[in-house]
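Open the model in your viewer and keep the selection tool at hand. We will go from stop to stop.

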Amino acid sequence: MQQVNDFYSRVNPETGKRQKSKKGNHLKRVAFFSLPHHWPIVRPVYEIAQKKFDCWASDQEKEVIDFKPHAVVAASACPKSIRKSMPESYVIWLRHGFSDKNYAKVSLGRTDFACVSSQWAIDDFTAKGYKPFLGYWITGFSAMDQVYHRIAALSSQPKKEKGLSVLYAPTYNPELSAQEQLGEGWIENFTFMFKDFNLLIKPHPLTQNFSPEHIRYYKKMAITFPRVKILDPNSDFYEVIDKADMLISDASSVIFYYLALDRPVILVDNEKRFECKNFNPNGPEWSWREIGERVSTQQDLLRAVKEAVEAPQKGSSLRSKYRSKVLGDTFDGRACERIVSNIQQLLSPSPPPDILSRTMRCKKMLHPLRIKKTIRPLLPKVI
């Protein structure tokens, strides 16, 4: 399984230096700013982009600034230092998750172009007063391209018999996490009740920092029960999302992308969520809870799993309804291509009107940060 440590694939292991483009220095420079746990979302775009641009990927702000890129691609909010140092560079936001968690407004406020997966997402952000500086691109979600291609490849092959697999993917925030709500003991009860089931545990990468005791519990269960497997927290969740017949989660964004598979979802409500700074009752993670079966106790969880096995199509119409809001018609394996194509047109000598209008270019040129950077050297020094 591809590890997030491949984030450093931009570095030549033999020389320890960045691999320069073989096509020469005439290429536009595109930097990819990514925190390590966002790299699975950024990586597939980077892999296509490096064939067309001179690329640099890093989780260090200074490295991105020193690269002097024409555009910066980021999954999370672009750091203020990058925007301040390079106001003339375009910032493209990939959106690392569909849950709001009070991050969306900040991220969009530091973005020129936001890549979203549906028109509904644009309408939702607009209604909330969230907006990027220049506009939206409906591209799809980059991490789901690989899922589409795997499903398409398997559709022509006979389905192999196997035991049911349940994927458990909680978020890391203690006040939102399913694990904090369920407590220890639920996995033992799960394996006793569902002896033939496979339980795949995919912790959020930040769980190691916020709740290391959870990781210790999962590892203990994986050693004790042969059908329980804990995946590397730093591994790519989207490499296993389609391998499960059912998902157990909480307020994680994975619940929305799992809708593409039309399989049962069980949502654990953490009773302490109201105390969390990332709790947004108007975010889809809380306003769309009907996409799955809501539980808050171990007993309710086991009951919900049993019912989902007996009637997996229950709630299918609701899942379909929300799937269209999340993914629109962009779940076709081409999200990364569209993102890179838009960047390519944006950085071309004459961008088409639908990518960057004359009005947008003027707005970019008149960006307050750019004006400040241009005019300040002309001002007389105060002695």
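**Stop 1: Ile241.** Select Ile241 and show its neighbours. Leaving out residues up to four places away in sequence, Ile241 touches Met144, Val147, Arg150, Leu167, Tyr257, Tyr258 and Leu261. Contact here means heavy atoms within 4.5 Å.

A word on the ground rules. This is a predicted model, in which local features need pLDDT of at least 70 and side-chain atom pairs count only at pLDDT 80 or more, while totals for chains, interfaces and linings use all residues. Residues are numbered from 1 along each chain as its sequence is written, and side-chain values use heavy atoms, with hydrogens and water left out.

Stop 2: Buried means under 20% relative accessible area, exposed over 50%, and partly exposed in between (1.4 Å probe, protein chains only).

**Stop 3: the open sheet.** Now colour the six strands in the order β9-β8-β7-β10-β11-β12. They form an open sheet with parallel pairing. Two strands pair if DSSP finds at least two bridges between them. The edge strands, β9 (228-230) and β12 (293-295), each pair on one side only. From one strand to the next, the twist averages 20 degrees.

Zoom in on β8 (residues 198-201). Three bridges join β8 to β9. Leu200 has Lys229 as its bridge partner in β9.

Next, show helix α10 (residues 212-224). α10 packs on the sheet and touches β7 (165-168), β8 and β9. The direction of α10 makes about 140 degrees with that of β9. Axes are lines fitted to C-alpha atoms, for helices over the stretch in contact, and angles run from 0 to 180 degrees between N-to-C directions. Then select helix α13 (residues 298-310). α13 lies across β10 (246-249), β11 (265-268) and β12, at about 160 degrees to β12.

**Stop 4: strand β1.** Move to residues 29-33. Is β1 enclosed or open? Four of its five residues are buried, so β1 is largely enclosed by the rest of the structure. β1 pairs with β2 (residues 54-58) in the parallel sense over five bridges. Phe32 stands opposite Ala57 in β2. Four bridges join β1 to β3, also in parallel. There, Val30 stands opposite Ala71.

**Stop 5: two lysines.** Most residues other than glycine have a negative phi. Select Lys68, in the loop between α2 (61-67) and β3 (71-74). Lys68 has a positive phi of about 55 degrees. Finish at Lys101, in the loop between β4 (90-93) and α4 (104-109). Lys101 has a positive phi of about 50 degrees. Buried or exposed? Lys68 counts as exposed because its relative accessibility is 55%, whereas Lys101, at 10%, counts as buried.
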